[in-house]
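Colleague: I have a structure open and would like to go through it with you. Could you take me through it step by step?

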Amino acid sequence: MEEPEHPTASKSPPSSPPQRRQLCSHCDRPLPVCLCYALPATPLPTKTKILIIRHPHESRHKLNTTPLISKTLLNATTVSSRRLLPHHLPNQSPPAIYLFPPSPTAPAVTLSQLKSSNLLNYQTTPLLLIVFDATWKHAKEMVSASEGVLKGLALRVCLDGVDENVTGGSIYDNELVLRKEPFGGCVSTLEAVARCLGVIEPNGDEVQGVLIGVLREMVRLQAGFLKPLKPRPKMLKKSKHKEEDNDQLG
């Protein structure tokens, strides 16, 4: 025979699932940091085709700037992949460049050199701009895995001022930086694309200005939700602690 339920027993109410943040239906960002007011009414057309190979992990980062490129530029395409594959390329691929810093075995042409020498005749011939969107570690892996496709297809181009001996910036000392960069000259994907198009597009100044304006507003809004970093106290080594203890005992 079943025992009757104790009259004083109380059941705890079921916990409600956490509410997800509401996203803007246009810019796909949380409503408190909506960027629709900074985006152009219609995406800007460009002579250059932009192909962004985004590492799958980047879709999890709230501060990833690639979606804003697609919202701003008409001819920007994003592919989620760990490397560039032949079927990612347009059927009739124009001359191509890809953005990545130089290495001892793979030199790169700077944007200034590209502009002064008019390599690839970019002023009269449309280009395909290939960009790898990932953390520095993953980006190096992606470029290495893509070398079979890049070789003979694209010229490696880098931004001016790349210096591995200089520490990169953070949001607290640069109005355009969202995350800590590995070294000087490294910037977000959006800023890299903006600076490159500023050189190779006929109306480069206008395109660059719009992209940088969007990025500047994104950083400004995000900065309002970040807490200042407090320096961690230096930890003394155990040996140092022992020396101090012995001094106190003596």
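Colleague: Which residues in H5 meet which residues in H6?

Modeller: Keeping in mind that this is a predicted model, Leu190, Glu191, Val193, Ala194, Arg195, Leu197 and Gly198 in H5 meet Gly204, Asp205, Val207, Gln208, Leu211, Ile212 and Leu215 in H6. By class, this contact has 8 nonpolar, 3 polar and 3 charged residues.

Colleague: And at what angle do the axes of H5 and H6 cross?

Modeller: The axes of H5, residues 189-200, and H6, residues 204-223, cross at roughly 165° and come within 7 Å. Angles over 145 degrees count as roughly antiparallel, and H5 and H6 are therefore roughly antiparallel to each other.

Colleague: Is that crossing of H5 and H6 left-handed or right-handed?

Modeller: The crossing of these two helices is left-handed.

Colleague: Changing topic, where is Ser146 found?

Modeller: Ser146 lies in the loop between helix H3, which covers 136-145, and helix H4, which covers 147-150.

Colleague: Is Ser146 buried or exposed?

Modeller: Ser146 has a relative accessible area of 0%, and buried means under 20%, so Ser146 is buried. Leaving aside residues up to four places away in sequence, Ser146 touches Arg83, Leu84 and Phe132.

Colleague: Now the whole chain: how many helices and strands does it have?

Modeller: The protein chain has 7 helices and 6 strands, and along the sequence they follow the pattern β-α-β-β-β-α-β-α-α-β-α-α-α.

Colleague: What share of the residues is buried?

Modeller: Buried residues make up 40% of the 250 residues in the protein chain. The chain exposes about 16,000 Å², of which carbon and sulfur atoms supply 53%.

Methods: Residues are numbered from 1 along each chain as its sequence is written. This is a predicted model: local features need pLDDT of at least 70, side-chain atom pairs count only at pLDDT 80 or more; totals for chains, interfaces and linings use all residues. Side-chain values use heavy atoms; hydrogens and water are left out. Axes are lines fitted to C-alpha atoms, for helices over the stretch in contact, and angles run from 0 to 180 degrees between N-to-C directions. Helices (H or I, at least four residues) and strands (E, at least two) are DSSP runs, numbered from the N terminus. Angles under 35 degrees count as roughly parallel, over 145 as roughly antiparallel, 65 to 115 as roughly perpendicular and the rest as oblique. A crossing is left-handed if the near helix is turned anticlockwise from the far one by less than a right angle, and right-handed if clockwise. Contact means heavy atoms within 4.5 Å. Ala, Val, Leu, Ile, Met, Phe, Trp, Tyr, Cys and Pro count as nonpolar, Asp, Glu, Lys and Arg as charged, and the others, Gly among them, as polar. Buried means under 20% relative accessible area, exposed over 50%, partly exposed in between (1.4 Å probe, protein chains only). Accessible areas come from the Shrake-Rupley method with a 1.4 Å probe; for residues, only the protein chains shown count as cover.
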